[in-house]
Structures are given as structure tokens and as C-alpha cells.
Amino acid sequence: MTEADALRIAIVGHTNTGKTSLLRTLTRDRLFGEVADSAGTTRHVQAATVTLENRDALVWFDTPGLEDSIALYDWAAQLTAPGHRLDGPDRIAQFLQDPQASQRFEQEHRVLAQITQSDAVLYVVDVRDTVLAKHRDELRLLQWCAKPVLPVLNFTASGQAQAQPWVEAFARLGIHIYVAFDSVSPPSDGEQLLFDTLAQVLAQARPTLQALSQQAAKFKGERRVAALERIAQLCVRVAALTVTVANDPQTVTAGQREQQARVRHLEQRCVTDLLALFAFAPDDYTASELPVTDGHWQTDLFSKEAITEAGLSVGKGAAVGAVAGAAIDVFSAGLTLGTGTLLGAAAGSIWQGVDQWGSGIKAKLLGQETLRVGDDVLQVLAARQLRLVKALEQRGHAASHRVNTQDKSGESVEPFDQKVFLKVMAVARLHPSWSDNTSTVRAQQNAVLTLQQCLAASPLLAT
Ligand SMILES: Nc1nc2c(ncn2[C@@H]2O[C@H](COP(=O)(O)OP(=O)(O)OP(=O)(O)O)[C@@H](O)[C@H]2O)c(=O)[nH]1
Ligand SMILES: [Mg+2]
């Protein structure tokens, strides 16, 4: 399939209804075209190609917004040809050949020309708008073009969305199929939905559209799997982090700081990778009231707030304040040493979850302490990444607000199967070398895979 054979779909609508934004979201390209909250932002037709198995399968055409549709309709309606009754397509052809019309209606001329060269039209409306005469005239003009039209009800996530009057207006023109969408917060299967619905109005292109829909679902699944693998790698690496220091309070505090810095660095790298995986960039985030700012976690990973925000109920029975020192110390078959509490108290820091076991005991005999990252920190770390993945999956590439990863319900949920999670973390702690670059060691790969599967079942990812 070459570009000449590719399906051509024009994106049309009144000015400022979110046509370019829709294309940003459909192409997952946050830099496509120009978007602004003002009329007449797009001045020229701009194409975006979708490939299927490395061949051009569909070309979207973003078009300038229609502005003066009432005058345009009146102009086209009065066109006549001697001895002819003009039908819709003839009328549009006549309009396009009229030099005066191309001057008087420069933008609209480009739009109608693009429609005549396309296989179908997505007619984008802002469902916060009242249906007015200008919109009805736009729809009539579209009908004259005699191309399949699929209305897209945009801004549906807005509180002021009023879809019903639009649905009725479409029905009066014999258009009964439409798609509800929001370019900023698109439905999670929005792309598939659009291809599937287009297949209903464009029967001859059904196989291509169905294949595009399947491809969209496949890519979505692959992004989810890759994201979970990245989070699992992060957790395994952080759990394996080990710092051995002399057993005096000052050195221990310094060691904890060093370890915290390393964890934050690893988390930041994971956040950056997740943003890139979903084709977002750190500069998508501008202000600071939410946990992610400029791609960095705003809430300190080691703070009480971070634990509460992640919706974790910390160590049943243990006051959150006590978490600072009360690490769960596991040695061989679950022997609790309780040294974490002592250490935490001695250090007088908020560093939580310093585990001591295994090699820690040896270190202790040598007058040293082995610092490891605690279970609570690891769970916060994983839960935060999962919330980020969910937010990115639901974010349109037209969005300019910051990612919201807060638990809106405010309820504590068990973010994943803690038993499996903690087991993998315990295994990782036995292998300090796993904290280095992603290893090719089979056991580490298995740990990552087990954790990935555990995270995949997280309710934090549920729709
Ligand atoms: N909340 C929300 N905002 C949207 C949505 N679609 C577009 N916007 C915003 O609406 C404004 C207009 O978006 P554009 O994509 O420039 O609209 P357009 O139809 O291409 O505009 P013209 O090119 O001027 O015709 C921008 O501020 C977008 O961020 C949507 O679905 N939801
Ligand atoms: Mg535009």
C-alpha cells in the first residue's frame, strides 16, 4: 500500500473545536500542528500518516476551522449553472472553481477542497457549544460534498458537555452514527473506537480500518507490558541496593542519605523512561500542585505523605510515624531482629525501612551496618509508578495540564499482591549485584518477570 492508496480522512469542523488536538491524540504526537484556545489557529491543511506493517494505510488531514459558514452556505446555495440543476457535489465543484469564492472564503475553500479529495470526514464539534445555525449550515455543506461523515463529539469529559442536542441535529440530517471523544482525556480505547466506528460508515475500507484498530490495541498492550517491566526492574534494582557503613550514628546517617539519593535517581530514570514510552516529555508538566513536576516526583519518596498518597496502609499496627525506624527485618525463616528500629532511632532520621539481615549480621560483627531499602519504600515506589502509568494511559497528547497521579477516592487500596511483591523484594535483597545495570542473570530476569506479573494484576491499573 503506498500513500496514494492510503485512506484519506479529513478532520473538519468549526474553528476552535479541537481538530488539531484530536490529531495530536490520535497520532500520539504532542507536537503536531499548532493548538491554541483561539479561533483560526490552523491556517493550512496538514497531513499525518498512520502506517500498518510499514506501509502507509491512512492519512489524517487536519484542516483550518470553518468560520463564516452561514455566508459560505448562502454563496454556494446561489450558485447556478445555465440549464442545470446543481446537486451537492456539482455545487461544491462550482464553488471550488469560482475565483471570487476562493478569495472571499480562503480558509473554507481549503477545507472543501480537502474534503473532495478525501474518502471520509470526521466532523469535530465542541459539545459545550449550543447547536447554532452556523453549525447546521456546516453540516449541510458537508452533505453537499457527499462523503461519509462521522461526527466526533469532542470535549465530552468537560462538565458542560451537552451531547443530546448535537445527536438530534445529526439525526435530522440522517446521520445516526457518531463518536464521543475528548482529546485531552480520551477514552482508554479511543483510537480503536474511532477506527471501529469509521469502519461502519466506510464499508469499502473496513478491512484496513479493522486492522488499524487491532494494531492500536496491540500497541496499547505492548506499552503496558513494557511499562510494567520497567517498574519491576526499578523495584528489583532498588531492593538490591546495599550500602555498608561503619556502625556509628553519623556515618549511618550519611550512608542513608547516599542511599536515598541513589533511590531517587533510579526512580527519576524510571519516570523519564515511562514518559518517553508513552511519548510524553518532562516539559508537559508546568505547575506544582500535583506529585509530578517537570518529570520529577514532587512528594519526597521517603516522606509520610508519599506513603499516604500511594494509598498504602503501612505495616498494620505500626503507627506511620514509627515507620521511620521500624523496618521489617527478615533473617532466614523470618527471625525478626528488630535492629531497624534501633538503627532508625539512633540515626534520628526519617529514613524508613532499613533492613538488617544476612550479610548485615556479618557486618554487625565487624562493627558495620548494612543499609537496605525497606519494604514500605519499595511499595510506595511501585504504587507511584503504577499510578503514573495509569495517568499516562488516560492522557491525550493534546493535554497540557500536569499528570495527576493522586488517588482520587482517598481510600487505601492494596496496590498489588503484597505477599508476592515482598517475596521478590526479599530475593532481590540477597543479590546486591542486581542493583547495577539490568543484568542478564536468569534469576534476576525471573524476579523481574514475577514482579511484572504481580504488578499487572494491580487494581491501580483497572479502568
Ligand atoms: N478539555 C479539552 N480541551 C480541548 C479538547 N480539544 C481541544 N481542547 C482545547 O481547545 C482549544 C482549541 O484546540 P485546537 O486543537 O487548537 O482547536 P482547532 O479546532 O484545531 O482550532 P482551529 O485550528 O483554530 O480551527 C485548545 O486550547 C485545546 O487545548 C478536549 O477534548 N478537551
Ligand atoms: Mg487547528
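N16 lies in the loop between β1 and α1, where helices (H or I, at least four residues) and strands (E, at least two) are DSSP runs, numbered from the N terminus. The model is a predicted one, in which local features need pLDDT of at least 70 and side-chain atom pairs count only at pLDDT 80 or more, while totals for chains, interfaces and linings use all residues. Residues are numbered from 1 along each chain as its sequence is written, and chains are lettered from A and ligands numbered from 1 in the order in which they are written. The chain has 16 helices and 10 strands, and 42% of its 463 residues are buried, a word that applies if 20 or more other C-beta atoms lie within 10 Å of a residue's own, whereas exposed stands for 12 or fewer and partly exposed for the range in between, with C-beta atoms placed from the backbone.

- Most residues other than glycine have a negative phi.
- N16, however, has a positive phi near 70°, and this residue is buried because 20 other C-beta atoms lie within 10 Å.
- N54, in the loop between β2 and β3, also has a positive phi, near 65°, but N54 counts as exposed because it has 7 C-beta neighbours inside 10 Å.
- The hairpin of β2 and β3 has two residues between the strands, and in this hairpin E53 takes a positive phi near 50°.

**The sheet**

- Six strands form an open sheet with mixed pairing, in the order β2-β3-β1-β4-β5-β6, where two strands pair if DSSP finds at least two bridges between them.
- The edges are held by β2 (46-52) and β6 (179-180), and because each has a single partner strand, one side of each is left without a neighbour in the sheet.
- Helix α1 (residues 19-27) packs on this sheet and touches β1 (7-13), β2, β3, β4 (120-126) and β5 (149-154), with its direction at about 160° to that of β3; axes are lines fitted to C-alpha atoms, for helices over the stretch in contact, and angles run from 0 to 180 degrees between N-to-C directions.
- Strands β2 and β3 (residues 55-62) run antiparallel and are joined by seven bridges, with V50 opposite L58 and A48 having W60 as its bridge partner.
- β1 and β3 pair in the parallel sense over five bridges, and here L7 stands opposite L58.

**Cores and contacts**

- The largest nonpolar core has 52 residues, of which I11, V12, L58, V121, L122, Y123 and V152 touch the most other members; such a core is a set of buried Ala, Val, Leu, Ile, Met, Phe, Trp, Tyr and Cys residues joined through C-beta atoms within 7 Å.
- Leaving aside neighbours within four places in sequence, V152 is in contact (C-beta atoms, placed from the backbone, within 7 Å) with L22, L122, Y123, V124, V179 and F181.
- A second, separate core of 40 residues includes A382, A383, A391 and L460.
- W144, in helix α6 (residues 133-145), counts as buried because it has 22 C-beta neighbours inside 10 Å.

**Around ligand 1**

- Ligand 1 is surrounded by 23 residues, the closest being G18, T20, S21, T42 and G65, and a residue is near a molecule if its C-beta atom, placed from the backbone, lies within 6 Å of it.
- Helix α1 gives the largest share of this shell, three residues.
- The shell divides into six nonpolar, 14 polar and three charged residues, where Ala, Val, Leu, Ile, Met, Phe, Trp, Tyr, Cys and Pro count as nonpolar, Asp, Glu, Lys and Arg as charged, and the others, Gly among them, as polar.

Technical notes:
Contact = placed C-beta atoms within 7 Å.
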